[in-house]
Amino acid sequence: MRSRSVAAALCAVVTLVAPLGAQSVRAPSAALVGLYARLMAMTDSRTFDPGLVDSAVASGWSPL
């Protein structure tokens, strides 16, 4: 019984504290989405475009 109350208290603390550490997420620009799409097409075709890869790395958008 005590483990349930401890688990419930822990769950409540996590639920209340988690949003405090969350960062706002910005939507990527249309240019970044296009760059991502071109990068995905490159990988699907199993070709290598060094200029495209350089653009993706230089974009600074973490998924790229």
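This is a predicted model: local features need pLDDT of at least 70, side-chain atom pairs count only at pLDDT 80 or more; totals for chains, interfaces and linings use all residues.

Biologist: What are the helices and strands of the chain, and in what order do the elements run?

Modeller: There are 3 helices and 0 strands in the chain, so that, read from the N terminus, the elements follow the order α-α-α.

Biologist: What makes the pair of Tyr 36 and Trp 61 an aromatic pair, and why is it given the name it has?

Modeller: A search of the whole structure finds 1 aromatic pair. The ring centres of Tyr 36 and Trp 61 are 5.9 Å apart, and a pair requires centres within 6.5 Å; their planes stand at 75°, which is over 60, and therefore the pair is called edge-to-face. The pair links distant parts of the chain, since Tyr 36 belongs to helix H2 (residues 30–44) and Trp 61 to the segment after helix H3 (50–58), 25 residues apart.

Biologist: Why are Tyr 36 and Trp 61 given the accessibility class they have?

Modeller: Tyr 36 has a relative accessible area of 34% and Trp 61 has 23%; buried means under 20% and exposed over 50%, with partly exposed in between, so Tyr 36 is partly exposed, and Trp 61 is partly exposed.

Biologist: Which residues make up the largest nonpolar core, and which element gives the most to it?

Modeller: The largest nonpolar core has 6 residues, namely Leu 32, Leu 35, Leu 39, Met 42, Leu 52 and Ala 56. H2 and H3 are the elements that give two or more residues to this core, and H2 gives the most, with 4 residues. Leu 35, setting aside neighbours within four places in sequence, is in contact with Leu 52, Ser 55, Ala 56, Ser 59 and Leu 64. Of the 64 residues of the chain, 9% count as buried.

Biologist: How do you know whether Arg 46 and Phe 48 are buried or exposed?

Modeller: Exposed means over 50% relative accessible area; Arg 46 has 76% and is therefore exposed, and Phe 48, at 60%, is likewise exposed. Arg 46 has a positive phi of about 55° although it is not a glycine, while Phe 48 touches Met 42 and Val 53, not counting residues up to four places away in sequence.

Notes. Residues are numbered from 1 along each chain as its sequence is written. Side-chain values use heavy atoms; hydrogens and water are left out. Rings of Phe, Tyr and Trp (its six-membered ring) pair if their centres lie within 6.5 Å; planes under 30 degrees apart count as stacked, over 60 as edge-to-face and the rest as tilted. Buried means under 20% relative accessible area, exposed over 50%, partly exposed in between (1.4 Å probe, protein chains only). A nonpolar core is a set of buried Ala, Val, Leu, Ile, Met, Phe, Trp, Tyr and Cys residues joined through side-chain atoms within 4.5 Å. Contact means heavy atoms within 4.5 Å.
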